[in-house]
Amino acid sequence: MYTLMSKNDRYINPLVLDNPLRSLVSPPNRILSRFVKYLKEDYTVVDLGCGPGFFTTILARIVKTVYAVDPDERAIRRLKEKVQKLSLNNVIPYVAPAQKLEFIKDKSIDFVFSNLMLCCTSDHNGAIKEIKRILKDNGLAYISVTRSFLIKDKMDVSGDEWKKILGQFKIIREGKNLMERWAVVQN
């Protein structure tokens with residue numbers, strides 16, 4: 001197994017993330033409805049923590065280019081198979097952690113999609129720093145995190161930390177439900 005995740009990061013098996021039942025628990029259209037109106041056809045997007053591409057293939061049909069980034073090579077391998085099968089030629093997959101995006105130029109990205117990724121990395125600040133670095137001035141990001149009530153984990157994003165993260169951006173839209181907090185933010 002090859003992975004660029006630190007030993008402190010959370011690993012979710014790509015088979016779990018690419019399971020058709022996931023659409024019942026986390027319908028893509030519900031999540032997309034929060035931000036899709038901000039996407040433009042000529043955008044370059046980063047799907048940060050893309051896993052095996054649950055959202056990547058959808059994004060690739062909307063925008064010009066999608067960088068699909070995940071620290072787990074197995075997830076990227078599954079994504080590459082999916083992209084090839086669907087004949088999508090605008091997806092650029094990378095095996096990398098969210099806090100090490102050196103292959104993406106400063107201020108070159110129009111939109112970052114980070115769905116529940118922060119809850120899987122132990123370096124929240126490093127990931128947010130990279131999101132801010134790669135986003136164009138006035139670039140947008142969709143960021144979501146899980147909400148834990150009973151079981152606390154060191155990778156959880158607390159309510160106070162969530163406020164600090166959002167404080168680094170201009171908030172365009174935000175919401176929460178029983179399971180998650182989310183926001184569309186501008187750099």
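Let's start with Leu39: at 9% relative accessibility, this residue counts as buried, where buried means under 20% relative accessible area, exposed means over 50%, and partly exposed is in between, using a 1.4 Å probe and protein chains only. Before going on, please keep in mind that this is a predicted model, in which local features need pLDDT of at least 70 and side-chain atom pairs count only at pLDDT 80 or more, while totals for chains, interfaces and linings use all residues. Residues are numbered from 1 along each chain as its sequence is written, and side-chain values use heavy atoms, with hydrogens and water left out.

Back to Leu39. You'll find it in the loop between helix H3 (28-32) and E1; helices (H or I, at least four residues) and strands (E, at least two) are DSSP runs, numbered from the N terminus. What does Leu39 contact, leaving aside its neighbours within four places in sequence? The partners are Val45, Leu59, Ile62, Val63 and Phe111, with contact meaning heavy atoms within 4.5 Å. Take Leu59 from that list: Leu39 and Leu59 are 20 residues apart in sequence, and their C-alpha atoms are 9.1 Å apart in space.

Now let's step back to the whole chain. It has seven helices and seven strands, and along the sequence they follow the pattern α-α-α-β-α-β-α-β-β-α-β-α-β-β. Of the 187 residues, 50% count as buried. Among contacts with a separation of 6 or more, 71% come from residues 24 or more positions apart.

Next, the sheet. Seven strands form an open sheet, in the order E3-E2-E1-E4-E5-E7-E6, and the pairing is mixed. Two strands pair if DSSP finds at least two bridges between them. Strand E3 (91-95) and strand E6 (170-176) stand at the edges, each with a single partner strand, so one side of each has no neighbour in the sheet. From one strand to the next, the twist averages 15°; axes are lines fitted to C-alpha atoms, for helices over the stretch in contact, and angles run from 0 to 180 degrees between N-to-C directions.

Let's walk into the sheet by way of E1.

Phe113 has Tyr142 in E5 as its bridge partner. Helix H6 packs on the sheet and touches E1, E4 and E5, with its direction at about 150° to that of E5. H7 packs on the sheet as well, touching E5, E6 and E7, and its direction makes about 15° with that of E7.

What about the inside of H6? His124, Gly126, Ala127, Ile128, Glu130, Ile131 and Ile134 are buried there, and their cover includes E1, E4, E5 and H7.

That brings us to the nonpolar cores, meaning sets of buried Ala, Val, Leu, Ile, Met, Phe, Trp, Tyr and Cys residues joined through side-chain atoms within 4.5 Å. Which members of the largest core touch the most other members? Among its 28 residues, they are Val46, Leu48, Val112 and Leu118. Elements giving two or more residues to this core include strand E1 (44-48), strand E4 (109-115), helix H6 (124-134) and strand E5 (135-146). Apart from it lies another core of 26 residues, among them Ile31, Ala68, Leu88 and Tyr142.

Finally, a few residues in and around these elements. Thr121, in the loop between E4 and H6, is buried, with a relative accessible area of 4%. Leu116 is found in the loop between E4 and H6, and its phi is near 60°, a positive value in a residue other than glycine. Leu116 counts as partly exposed, at 27% relative accessibility. Asn138, in strand E5, is not a glycine either, yet has a positive phi of about 70°. Is Asn138 buried or exposed? At 52% relative accessibility, Asn138 counts as exposed.
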